[in-house]
Amino acid sequence: MRIARLLLLLLVAVFAGTAPLAAQEDGTEPSGAEALESLSDFAEAWLSGPHADYRSPSFTHWNEDGEIPPRCAACHSETGFLDWLGADGSAPLAVDHPATINTVIGCASCHVSEAETLDATPFPSGVTVTGLGTSATCTVCHQGLASTDTVVSATEGLDPDAVSDDLSFINVHYGIAAAVMHGAEVRGGFQYEGRSYAGRFTHVPSANSCVACHEPHTTEVATEGCLACHQGVTEISAIRTRHADFDGDGNTAGGIADEIAGLHARLHDAIRAYGREIAGTPIGYHPDSYPYFFADGNDDGAIGADEAIYPNRYQSWTPRLVRAAYNYQVVAKDKGAWAHHPQYALQLLHDSLESLSESVDIDMTGLVRP
């Protein structure tokens, strides 16, 4: 089985014309045995990562349909990604036809020439970010499907606190690290009018891109560099360079991840209060069931399996609630927001709370906006 997998990967790499075999330290090409061992290392790393998980719903969701629709194909099938790149002879930056099922994101996705020369990627807001280098292919699929502009288009001109049958939850989608990292430049979160938001999160040069922090095949985070600079912590989630009490709980001893989690929890409670008092229907959130926000019939704050079903989706949306719920989901679906752009995440959460506080009683005392 292992040999068969390696041979398949070798064929894919050769077909792409870019077998991932690096020269040795002395500049010489590796021997045949060394090359095979190098390929084996790459293969094992890739097979252990999420892009090779052929059992994942990310790649199996459409199996019963027999094809992956163009809107989803670029990030959920290698054939779709190659179509988006234009590596199949089609026009780039678009998927022209449904993609094949049962394909993961393999070698060719990142090692065809069209991928290796990609340096700019458009975001849902319409903004195209350039100079991405080796992070460009990552950015294509880790930017989400919505933006400030999407939310504005759906809610503008409506009474902010009036329930509208024309509104529904707007899902930013998943794995949105690039949208969070680029902050205000791409408007991945809902940015409230009159507020300023942080642009791209820049770190030290050695940790300022996707592949600088994530091993590209396994996607695992290389933590050694983090701990070398941020001495005194044993877990990277304990790191913080901003020391204000952003979530207002009186505790600043933990990492910035704790501040984001605390503020996120406060926004959850505020959304519940608004649903009950203003929208007129108790609301609850389930992190693993689409469309995530449901009517909470007993208003206990917990959405059970019997409630987390599509017919029970929340339908008493107002513009103000749509905007806050959208930002709640932005932070929920980037679990590494504390590393990708903590300031932007805190700003989105703080402003969502502040907006809801205009309609329901929310204690904003002690909350600091970064």
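## Close-up views of a predicted model

**View 1. Contact of helix α13 with helix α14.** In this predicted model, I260, H264, L267, H268, I271, Y274 and A279 of α13 meet R320, L321, A324, A325, Y328, V331 and A332 of α14. By class, this contact has eleven nonpolar, two polar and one charged residues. Helix α13 spans residues 256-279, and its axis lies 10 Å from that of α14, at an angle of about 155°. Angles over 145 degrees count as roughly antiparallel, so α13 and α14 are roughly antiparallel to each other. Their crossing is left-handed.

**View 2. Contact of helix α14 with helix α16.** Helix α14 covers residues 319-332 and helix α16 covers residues 342-356; the two pack with their axes 9 Å apart and at an angle of about 155°. Helices α14 and α16 are therefore roughly antiparallel to each other. The crossing in which α14 passes α16 is left-handed. On the α14 side the contact holds R320, A324, N327, V330 and V331, and on the α16 side A345, L348, L349, S352, S355 and L356. These residues divide into seven nonpolar, three polar and one charged. Among the α14 residues here, R320, A324 and V331 also meet α13.

View 3. T139 is part of helix α8, which runs over residues 136-141. With under 20% relative accessible area taken as buried, T139 is buried because its value is 1%. A polar atom of the T139 side chain lies 2.7 Å from the backbone oxygen of S135. Once neighbours within four places in sequence are left aside, T139 is in contact with T121, F123, L132 and A178.

**View 4. E44 and T218.** E44 has its place in helix α2, residues 32-47. Its relative accessibility is 34%, and E44 therefore counts as partly exposed. E44 and T218 are 174 residues apart along the chain, while their C-alpha atoms are separated by 8.8 Å.

**View 5. D65 and I101.** D65 lies in the loop between α3 (57-60) and α4 (70-76). This residue is exposed, with a relative accessible area of 56%. The C-alpha atoms of D65 and I101 are separated by 8.8 Å, and the two residues are 36 apart along the chain.

**View 6. The loop between β3 and β4.** P291 lies in this loop, between β3 (283-285) and β4 (293-295). The peptide bond joining Y290 and P291 is cis, with omega about 5°. Y292 lies in the loop between β3 and β4 as well. Y292 is not a glycine, yet its phi is positive, at about 75°. Y292 counts as buried, at 5% relative accessibility.

**View 7. L93 in the loop between α5 and α6.** The loop that holds L93 lies between α5 (78-85) and α6 (107-111). Phi of L93 is near 70°, a positive value in a residue other than glycine.

**View 8. The protein chain as context for the close-ups.** The protein chain has 16 helices and four strands. It has 370 residues, of which 45% count as buried. Among contacts between residues at least 6 apart in sequence, 60% join residues at least 24 apart.

Conventions
Residues numbered from 1 in each chain as written. Predicted model: local features only at pLDDT ≥ 70, side-chain atom pairs only at ≥ 80, totals over all residues. Heavy atoms only, no water. Axes fitted to C-alpha atoms, helices over the stretch in contact; angles between N-to-C directions. Parallel < 35°, antiparallel > 145°, perpendicular 65-115°, else oblique. Left-handed = near helix turned anticlockwise from the far one by under 90°. Contact = heavy atoms within 4.5 Å. Nonpolar A, V, L, I, M, F, W, Y, C, P; charged D, E, K, R; others polar. Buried < 20%, exposed > 50% of the residue type's maximum accessible area, 1.4 Å probe, protein only. Polar contact = N/O pair within 3.5 Å; in protein donor to acceptor, adjacent residues only side chain to side chain.
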